[in-house]
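Please read the following report alongside the sequence and the 3D view. The text goes through the packing, the strands and the charged pairs in turn.

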Amino acid sequence: MIKNKSFFAYFLILVLFASVQTNAQNYADGNGTILKQIEDNEENVCFRKHVQKITLDQAMNYESFKVYEKPGSGKSKVLGYLSYGDTIVSRRIFTKGKYNVWLEVQKPGLKGWVKIDTPDPYSNNTWEIVEYLESRGKIWTVRRLNSSICVYHNLNIRNKPGIEGTRIIGKINANTFVEYSTITEETDEIDGIKDHWIRIKHNGISGWIFGGYADVERGGPKYFIPESLIYLAFMQL
């Protein structure tokens, strides 16, 4: 009986560990990796790793680019300002809820936090690694990114990213809007076009198309990956 109880306890620990591992977000220690997370008045407060280099090459409203000592609110001490032409480097991003977003920035002689006008770029586990796929010896890193796009050419839908070592499992006609759920971190080059592969669902088929033959009509970056959202937030002010 004691042996049976010990085995059951060991089995329960394994199940719980597997559950935690399954639910954990996977960013492979890259951008999006959670550094610290707490609950504050029922709002999720999170510090994540976010490394990005940005040159401020458009006119800005300097009042919107105060650099604060701490993130979270505008009540912290103002350490200085960002200026036109500055090149800044970020290391972390702070979010409180979905719309209170701050970026830790650094330039020569100044380091602090800037409030940016964008929703949490990592909400709903955006940009986490979903899986790795292999085709003809190439490893593709598949990341979560939910959006929609318009296909402007008749395209083959493939079972994996890439042309070589993959199978055609369906077709999609030109001028079709589709939703996609994941995207390859790596790019491919076809007919001189460099772009990502995206996984779509069309007519009951889930497969991959080359993003170089698709585009968006809303303006702004083609793919709203976290780096693009943050760059856009700086450039549109």
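## Nonpolar cores

Of the 44 residues in the largest nonpolar core, Leu82 and Phe234 touch the most other members. A nonpolar core here is a set of buried Ala, Val, Leu, Ile, Met, Phe, Trp, Tyr and Cys residues joined through side-chain atoms within 4.5 Å. Buried means under 20% relative accessible area, exposed over 50%, and partly exposed in between, with a 1.4 Å probe and protein chains only. Strand β9 gives the most to this core, with five residues. Helices (H or I, at least four residues) and strands (E, at least two) are DSSP runs, numbered from the N terminus.

This is a predicted model, in which local features need pLDDT of at least 70 and side-chain atom pairs count only at pLDDT 80 or more, while totals for chains, interfaces and linings use all residues. Residues are numbered from 1 along each chain as its sequence is written, and side-chain values use heavy atoms, with hydrogens and water left out.

Leaving aside residues up to four places away in sequence, Phe234 touches Ile54, Leu56, Phe65, Leu82, Ile88, Leu103, Val105, Val114 and Ile116; contact means heavy atoms within 4.5 Å. Another core, of six residues, lies apart from the largest one and includes Val45, Tyr68, Phe94 and Trp102.

## Paired strands

Two strands pair if DSSP finds at least two bridges between them. Strand β6 (residues 100-107) and β7 run antiparallel and are joined by seven bridges. Within this pairing, Glu104 has Trp113 of β7 as its bridge partner. The hairpin of β6 and β7 has two residues between the strands, and Gly109 takes a positive phi near 85 degrees there. Strand β7 (residues 110-116) is largely enclosed by the rest of the structure, because five of its seven residues are buried.

Strands β8 and β9 also pair in the antiparallel sense, over six bridges. Here Glu131 has Val142 of β9 as its bridge partner. The hairpin of β8 and β9 has two residues between the strands, and in it Arg136 takes a positive phi near 50 degrees.

## Salt bridges

A salt bridge is a side-chain nitrogen of Lys or Arg within 4 Å of a carboxyl oxygen of Asp or Glu. By this rule the count comes to seven, and the table gives some of them.

| Pair | Closest N and O atoms |
|---|---|
| Asp86 and Lys107 | 2.7 Å |
| Glu164 and Arg136 | 3.9 Å |

Glu164 lies in the loop between β10 (155-158) and β11 (168-172), and Arg136 in the loop between β8 (129-135) and β9 (138-151), so the pair ties together parts that are 28 residues apart in sequence. Both Glu164 and Arg136 are exposed.

Lys222, in the loop between β15 (214-215) and α2 (226-235), and Asp195, in strand β13 (residues 193-202), are 27 residues apart and link distant parts of the chain. Both Lys222 and Asp195 are buried.

## Cysteines

A search of the whole structure finds zero disulfides, a disulfide being a pair of cysteine sulfur atoms within 2.5 Å. Cys46 counts as buried, at 2% relative accessibility. Cys150 counts as buried, at 2% relative accessibility.
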